[in-house]
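Me: Please take a close look at one part of this model. I would like to know how the ligand sits against the protein.

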Amino acid sequence: MTALTMPFDNSYARLPERFFAHHEVAPVASPRLIKLNHRLCRVLGLDPAQMESADAVAMLAGHRFPDAASPIAMAYAGHQFGHFVPQLGDGRAVLVGEILAPEGRRFDLHLKGSGPTAFSRRGDGRAALGPVLREYIISEAMSAFGIPTTLSLAAVATGEPVYRETALPGAVLARVATSHIRVGTFQYFAARQDTDALRLLAGYAIARLYPHLAQEAEPYVAFLEAVIAAQARLIAQWMSVGFVHGVMNTDNMSVAGETIDYGPCAFLDTYDPAAVFSSIDQHGRYAFANQPHIAQWNLTRLAETLLPLLDADETRAIGKAEAALAQFAPLFNEHFRALFAAKIGLTTHRPSDIDLIQRLLKAMHEGQADFTLTFRALAGALTQGGEPGLLSLFANTYGISQWLPDWRARLDQENRSKDDIAAAMRAANPAIIPRNHKVEHALAAATEGDLAPFEDLLRALETPYTDDTRLSPWTMPPMAHERVTRTFCGT
Ligand code: AMP
Ligand code: MG
């Protein structure tokens, strides 16, 4: 118990006991704040000075909780690489409570790496500093790109080692989400044929995440459609910045439509639709261009769990689920087209634009062009003077040389000034992304006790659309020896 007052109201903990396991504290040697997200504190209505107090740091480390907390480990199941596991749950995480923020918004405060829970199986419930800071960096970047994501409130060192292949410094990530309900949460109750719990969970998710749907004639159908729509948009947004999630298991897909559970994720350097970074994704299930297919597969698993709620008649229920799922591809395609159209400077819509986009991507693939730099250099290539800079990104310029006249002809139909188009393109194409080699460098330095590269990278990521030449080192792709081809969970 501590004197810390937190604006908690813990609605999930008021659900029946079978939704979670209560969690006691798991004390650590010496909790020490590494990083506090001041901007997020303000969004949450928390005082940054108070969040730096010993009591707050103890909470953020899972070391000691305030009275208003009701710490629980949430129950969930999930398909991991296509294999169903009926019980996963928060094995190294705990939901401390729900923060009631200004404007009536509600956020989960969730700790990752806070010690063993009832769901830890053989795991230690702990996390190493590197993966904690990786999630911190990538979620901040996604947020700066305007992509829905869980957010990092703080990183706290535990003062204890965790043992992976070697002993590593331990840490806890305090993260915030609109909710931590996953596709796998629904699967947990479906696997137990617990329809009462499914109805409660769906009702809870609607009330909390999609309250306007409660009035619909068929709220559960509307809920399924809403999750499908949110994921179709999210995956298109990921792809628009070259993001590869890496572990799109159903337990890592949020029904709130936020990016969640950053593990061995990565950003494309050279464009390759088959890019896979995660060391555990041996068959490329979660490759860059496979992400929409996997999202649809995961959503199909969600739809299956909802069948008993969609209609009392099973055949009709299946028909409703199929109709909802059929919306995923057109929704995804529309978001993808719109996002990439903006990336190449288009504001109007023609059906043939998708061919133009796909031809550019093909030229980038064949030319081994850097994804981020290509779109950035395109704005410069609006004028002939900027063309060499663009072409220099391509190992083979045949495709891009064929493409440029068609692109310019298409832009001419828009009747906008080149300056306007260039400004819009620069606002649609980040110059600074968390390059894998920069992330790895920052994590390696932090593990050795030097947090400066982590802080520098975070600062650069605050202004991803900048032309400030002082930040140009952050825009550079890796040199051959710096290239990161494999990423690891490492948790
Ligand atoms: P994730 O890698 O976040 O998708 O986790 C998959 C499952 O493994 C979840 O149920 C986690 O809680 C569990 N898990 C991962 N790492 C650990 C750990 N160090 N200790 C206990 N459980 C873990
Ligand atoms: Mg997970």
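Reply: The protein chain splits into domain 1 (12–180) and domain 2 (184–335), with bounds from an automatic or database domain assignment. This is a predicted model: local features need pLDDT of at least 70, side-chain atom pairs count only at pLDDT 80 or more, and totals for chains, interfaces and linings use all residues. Residues are numbered from 1 along each chain as its sequence is written, chains are lettered from A and ligands numbered from 1 in the order written, and side-chain values use heavy atoms, without hydrogens and water.

Now the ligand. Both domain 1 (12–180) and domain 2 (184–335) give residues to the shell around ligand 1, so ligand 1 lies between them. Of the 18 residues around ligand 1 (a heavy atom within 4 Å), Gly89, Gly91, Arg92, Asp124 and Gly125 come nearest. By class, two are nonpolar, eight polar and eight charged; Asp, Glu, Lys and Arg count as charged, Ala, Val, Leu, Ile, Met, Phe, Trp, Tyr, Cys and Pro as nonpolar, and the others, Gly among them, as polar.

Next, the polar contacts (N or O atoms within 3.5 Å). A side-chain N or O atom of Arg121 is 3.2 Å from an oxygen atom of ligand 1. Asp124 places a polar side-chain atom 3.0 Å from a ligand 1 nitrogen atom. Arg126 has a backbone N or O atom 3.5 Å from a nitrogen atom of ligand 1. Taken alone, ligand 1 exposes 480 Å², and the protein buries 84% of that (Shrake-Rupley accessible area, 1.4 Å probe).

Definitions and conventions. A polar contact is a pair of N or O atoms within 3.5 Å; within protein, one must be able to donate a hydrogen and the other to accept it, and residues adjacent in sequence count only if both atoms are side-chain atoms.
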